[in-house]
Amino acid sequence: MRSALRHHITSIIVCTALALGFAALYVVNLPYTYTSSAVVLLAPAPGNPLTAEAASGSGTQTTVAMSTEAELVRTSAVRDIVADTLGRLAPDGRERLEVTIPTNTQMLEISFTSRTAKQAQEAAQAFAEGYLAFREERATSTQNSQLEALQTQIDAAEANLRRATSEAASAGTGSFAAQEVQLYTDRLAQLSTSRSAAEALNTAPGSIIAPAVEPAGANELPEWVYFVAAAAFGMLAGIAFALLREWRRDLVRDTNAAAEMDVAVFSTVPSPGSTLVKDTADDGTEHEAYRRLRAAVVANGPAPHILAVAGVEDESSWGIASNLAVVLAEAEFSVALIAADMSSAPSQDPLGIGRHRGLADSAGEVAAAREFLVETRGVNVLTAGLDTAGARDLTASPAFRAIVNSLHEDFDFVVIAAASAGSAEGDAALLASDSVLLILTSDRTKRARLNAALERFDRLGIDVLGAVKVTTAKAPETHSERSQRPTRTSRNEEMNPKYARARR
């Protein structure tokens with residue numbers, strides 16, 4: 001996890017930036033909406049099922065009655081009243097009208113959603129007032145119809161009463177006409193009472209107990225929420241992508257990864273350039289890294305020793321081998337350095353030898369190889385030679401082993417800069433050594449390649465002394481790398497009697 005974050009921080013930043021960019025684009029084009037609500041308390045006006053005459057006490061009837069009233073808000077008659085009030089049709093295609101019934105109440109909550117807070121408040125209030133106006137108009141119309149019907153019946157009763165009174169005056173008190181007079185008198189009294197009751201009915205449709213107010217904010221989440229969510233999502237996506245990349249690359253990033261494969265990492269050094277650590281001793285950091293490497297090599301492969309230096313991937317071993325040879329010479333060890341990589345000439349020459357006859361030109365002769373040794377910076381160097389095209393199989397020949405063994409008799413350390421492990425010439429050079437120092441490049445060496453190399457070494461009988469980690473940038477050491485510094489071996493190195501012995 002830590003390795004993925006450290007080496008793929010750019011991927012995480014890019015994913016987070018992309019997520020924030022999409023969030024900004026979404027926020028800019030987000031159609032904000034606002035909702036305002038008004039609450040109406042209904043009254044049992046004439047002509048609706050909430051009146052005492054229509055109510056039966058049934059809960060189902062009340063529910064149906066309230067649902068009916070809620071649907072009336074959406075009718076075209078109410079919308080026409082609202083359109084006259086607002087001066088426009090409402091709701092339009094991007095607006096929404098909702099009517100809800102609070103539980104166990106005779107109230108309606110009228111909510112209106114629009115593009116602006118002002119429009120939402122005005123429309124919600126207009127629908128509440130328009131609905132009440134429509135309800136009052138319908139109640140008044142119902143009352144007027146009842147009064148007209150009663151008045152018609154009263155007029156008819158009065159006419160019949162006049163007729164019966166006239167006939168009773170002619171026929172006498174015991175006649176049928178006299179009975180009709182009494183009948184129509186009672187009828188007229190009943191109708192008058194009904195008319196008075198109808199006139200006394202309250203036609204008030206209800207009242208707005210919670211007027212619509214202008215909403216304080218939009219229905220959507222605040223803009224900062226989108227950006228925070230986008231940043232969190234982008235960061236998580238970036239971390240997941242970084243972990244995926246790290247898993248797919250399967251690199252040996254730190255010393256712990258190598259330790260899991262039983263390979264001890266002696267030191268972490270920067271990628272070797274065109275100068276030797278001896279030239280930049282004032283820097284201290286790089287020089288100290290190679291001194292730690294030297295201490296571990298001396299402690300784990302004491303002189304006399306033939307040490308091959310080889311990369312797990314296709315990297316050159318010449319720079320590491322040259323610097324190791326120099327720091328060994330600084331400690332008064334006699335050192336021979338052999339450039340055994342015939343596949344390609346070193347891209348950099350930190351020793352400053354240039355083109356010189358060497359291993360490829362010796363034709364496998366020990367005497368000739370010794371004549372081609374060049375002493376520089378305290379190290380006897382046997383270069384790859386001038387013509388290496390036909391000498392790629394030289395490291396696999398008995399003559400190469402004879403040259404190495406001959407130098408081994410006269411030098412404390414014979415350092416072989418071999419081709420990469422796994423190549424034919426590389427493995428051949430490693431077989432001529434006592435042990436191999438592997439080069440692990442932090443951004444190139446894969447676990448699978450290292451594991452395959454170790455399995456091949458086990459089959460070939462090649463002993464792995466340890467490894468040196470190469471970083472492509474001068475990054476500070478991690479805690480695990482500092483904890484694995486060979487402190488005790490450095491003390492052993494300083495106490496090694498080889499330090500007091502002059503080079504032969």
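This is a predicted model: local features need pLDDT of at least 70, side-chain atom pairs count only at pLDDT 80 or more; totals for chains, interfaces and linings use all residues.
The overall picture comes first. The chain holds 16 helices and 12 strands. It has 504 residues, of which 45% count as buried. Among contacts with a separation of 6 or more, 80% are made by residues 24 or more positions apart.

Strands of a sheet pair through backbone hydrogen bonds, in either a parallel or an antiparallel fashion. Here, 4 strands form an open sheet, and reading across it gives the order β2-β3-β1-β4, with antiparallel pairing. Strands β2 (96-100) and β4 stand at the edges with a single partner strand each, so one side of each has no neighbour in the sheet. From one strand to the next, the twist averages 25°. The sheet also has a helix packed on it: α5, spanning residues 117-171, touches β1, β2, β3 and β4, and its direction makes about 20° with that of β1.

The pairings of β1 can be followed residue by residue. Strand β1 (residues 34-42) runs antiparallel to β3 (residues 107-114), and 8 bridges join the two. One of the residues to look for is T35, whose bridge partner in β3 is T113. Strand β1 also pairs with β4 (residues 206-210), again in the antiparallel sense, over 4 bridges. In this pairing, L41 has S207 of β4 as its bridge partner, while V39 stands opposite A210 in β4.

Attention now turns to helices that pack against each other. Two packed helices are described by the angle between their axes and the distance between the axes. For α9 (residues 285-300) and α10 (residues 318-330), the axes come within 9 Å and cross at roughly 75°. Angles of 65 to 115 degrees count as roughly perpendicular, and α9 and α10 are therefore roughly perpendicular to each other. On the α9 side, the contact is made by H287, Y290, L293, R294, V297 and V298; on the α10 side, by I320, N323, L324, V327, L328 and E330.

A second pair is formed by α13 (residues 424-431) and α14 (residues 447-460). Their axes come within 12 Å, with a crossing angle of roughly 50°. This angle makes α13 and α14 oblique to each other, and the crossing of α13 past α14 is right-handed. Where they meet, α13 contributes D427, L430 and L431, and α14 contributes R456, F457 and L460.

What surrounds D427, other than residues up to four places away in sequence? This residue of helix α13 touches A421, G422, R456, F457, L460 and I462. Residues under 20% relative accessible area count as buried, and D427, at 10%, is therefore buried. A polar atom of the D427 side chain lies 3.1 Å from the backbone nitrogen of G422.

Is E69 buried or exposed? With a relative accessible area of 1%, E69 is buried. Its side chain makes a polar contact with the side chain of Y131, at 2.4 Å.

Methods: Residues are numbered from 1 along each chain as its sequence is written. Side-chain values use heavy atoms; hydrogens and water are left out. Two strands pair if DSSP finds at least two bridges between them. Buried means under 20% relative accessible area, exposed over 50%, partly exposed in between (1.4 Å probe, protein chains only). A polar contact is a pair of N or O atoms within 3.5 Å; within protein, one must be able to donate a hydrogen and the other to accept it, and residues adjacent in sequence count only if both atoms are side-chain atoms. Axes are lines fitted to C-alpha atoms, for helices over the stretch in contact, and angles run from 0 to 180 degrees between N-to-C directions. Angles under 35 degrees count as roughly parallel, over 145 as roughly antiparallel, 65 to 115 as roughly perpendicular and the rest as oblique. A crossing is left-handed if the near helix is turned anticlockwise from the far one by less than a right angle, and right-handed if clockwise. Contact means heavy atoms within 4.5 Å.
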